[in-house]
Amino acid sequence: MKISTPREVFPGESRVSMTPESAQALQKLGFGCVIETGAGLAAGFSDDAYRAAGVEIAPSAASVWAGADVIVKVRPPEPSEVALLSPGKTLISFFYPAQNKELLEAAKATGSNVIAMDMVPRISRAQKMDALSSMANIAGYRAVIEAGGNFGRFFTGQVTAAGKVPPAKVLVIGAGVAGLAAIGTATSLGAITYAFDVRPEVAEQIESMGAEFVYLDFADGQGAGQQDGAATGGYAAPSSPEFREKQLAKFRELAPQIDIVITTALIPGREAPKLWLEDMVALMKPGSVVVDLAAERGGNCDLTVPDQKVVSPNGVTIVGYTDFPSRMAAQASTLYATNIRHMLSDLTPGKDGVLVHNMDDDVIRGATVTHRGDITYPPPPPKIQAIAAQKPKEKVKELTPEEKRAAEVAAFKAQTKSQGILLFVATALLLVVGAVAPASFMSHFVVFVLACFVGFQVIWNVSHSLHTPLMAVTNAVSGIVILGALLQVGSSHWLVVTLSALSVLVATINIVGGFLVTRRMLAMFQKS
């Protein structure tokens, strides 16, 4: 079977869905690889690089589509490309079936199979095929780079002979894959980074990356009863009106001190929520930057213009590019081609170049939007939630000095009481034993109790880190053990003799080992 890659026809698209490296891996699965001439040039992959990897170079798009069993693309196919599909062929690309109903119907009419990389379920097993996350990761990184290119200062603070430069303050709205990538990049560049998300469970992730999570002053603590992100496949749920008002009020409070805002709030299939309003832009300092990663669906900022960079009346730059991954075409192509390779690996369980479209597989079923002339979108919900529901951790209340003192007194009284009870019980038991046992037994018993007490205090009750310095003491204890064993080894009872011999053996091992360890320890303090 042949896997073919045509050149992307969408204006400005620089990515390619097959790289020379991924082509070699696909050939190991038993497939033949074909690519249209020049398809990888914009991403930095020449035809010669593909030839060296064993890929056949096709002269035109028509020949690519005509001879292919599997077509892999980046962008959703154009209507003219869908017309080239036929029964038995499989198309793998981004498709966005919720927004492209007519395209879905056209694909159904061809009788072909269409796998939408944007529909891969967000479960652990499918992470290697999650192309949305791969592209979002690049978009978040590139957003910070674009912001830096339009920002007139350093990200990191500096103290130089020419003066002091304060660090930039960055606010990232939305802590999904793109948001976390932006947080990591901004933090690594030295900026003071703040982040907000409607899902309180991501606060720990944000803080672990060195950013500060922006909490809202809400009556019920965090999130105001927001639905858990897992209910919408790993994305944030829409906010309630009350929560939105609190959210916007917090953003207005932060706007005057923030230098760079990166908005990433977007749920596939829905219009982007407006989170950074015109009045917030007006509150920002001149020279500040807003990078809107949701520009393709209307943008999170009121002033965003898709595919353009505009400047507000007060000098704030709003970047509304919709092709951030394509602006890093080599890296984006490498990651996307790897996602495609993993998808084809799952579709080829026999590694024999034969595609097996297993609709019982959760990942394949979830990503398939048309199959043998039927529309299979929307898929059934995955059996496993993308993110397990988590209860917010309760904050430990700080005790006042009076409360701490009262707690210490109560603990001391409880400890004293328990020790008194134990002492009373032990005394009563000794009295009972002493009333019936012979005098010789009691003398041995007292020695035994004292030995247990001394052993506990000297060895058992000491921290393990102090055992090595205490080797000399343990050697002395072992010497007492040997002395006692030697006195008993001449007994007429076989059991006493056996136990005495074992005691001599074990204590000897302990003494010899103790001296060796002590010698090594002392040698550490000698110059030679």
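How many bridges join strand β12 (residues 260-263) to strand β13 (residues 289-292), and do these strands run parallel or antiparallel? In this predicted model, in which residues are numbered from 1 along each chain as its sequence is written, local features need pLDDT of at least 70 and side-chain atom pairs count only at pLDDT 80 or more, whereas totals for chains, interfaces and linings use all residues. Side-chain values use heavy atoms, with hydrogens and water left out. Four bridges join β12 to β13, and the two strands run parallel; strands are DSSP runs of E of at least two residues, helices are runs of H or I of at least four, and both are numbered from the N terminus.

Two strands are taken to pair if DSSP finds at least two bridges between them.

L293 is found in the loop between β13 and β14. Its C-alpha lies 7.3 Å from that of I262, although the two are 31 residues apart in sequence. Leaving aside residues up to four places away in sequence, L293 touches A139, G140, A143, A178, I262, T263, T264 and F324, a contact being heavy atoms within 4.5 Å. In the loop between β13 and β14 there is also D307, which has a positive phi of about 65 degrees although it is not a glycine.

Helix α7 (residues 177-188) has twelve residues and reaches 17 Å from its first C-alpha to its last, close to the 16 Å expected at 1.5 Å a residue, where the expected span is 1.5 Å times one less than the number of residues. Its buried residues are A178, G179, L180, A181, A182, I183, T185 and A186, and what covers them includes α6, β9 (169-173), β10 (192-196), α8 (203-208) and β12. Helices α6 and α7 pack at an angle of about 35 degrees with their axes 7 Å apart; axes are lines fitted to C-alpha atoms, for helices over the stretch in contact, and angles run from 0 to 180 degrees between N-to-C directions. The contact is made by S133, A136, N137, G140, Y141 and V144 of α6 and by V177, A178, A181, A182, T185 and A186 of α7. Just after α7, G190 takes a positive phi of about 100 degrees.

The largest nonpolar core has 42 residues, of which I92, M343 and L344 touch the most other members; such a core is a set of buried Ala, Val, Leu, Ile, Met, Phe, Trp, Tyr and Cys residues joined through side-chain atoms within 4.5 Å. Two or more residues are given to this core by each of α1 (20-28), β2 (32-36), β4 (70-72), α6 (131-150), α11 (329-347) and α12 (362-367), and the largest share, seven residues, comes from α11. Apart from this core lies another, of 30 residues, among them F155, V172, V289 and V291. Not counting residues up to four places away in sequence, I92 touches V70, I71, V72, K73, I115, M117, Y336, I340, M343, L344 and L347.

Elsewhere, the 30 residues of helix α16 (residues 494-523) should span 44 Å at 1.5 Å a residue, which agrees with the 44 Å between its end C-alpha atoms; S500, A507, I511, G514, T518 and M521 are buried in α16.

How values were computed:
Buried < 20%, exposed > 50% of the residue type's maximum accessible area, 1.4 Å probe, protein only.
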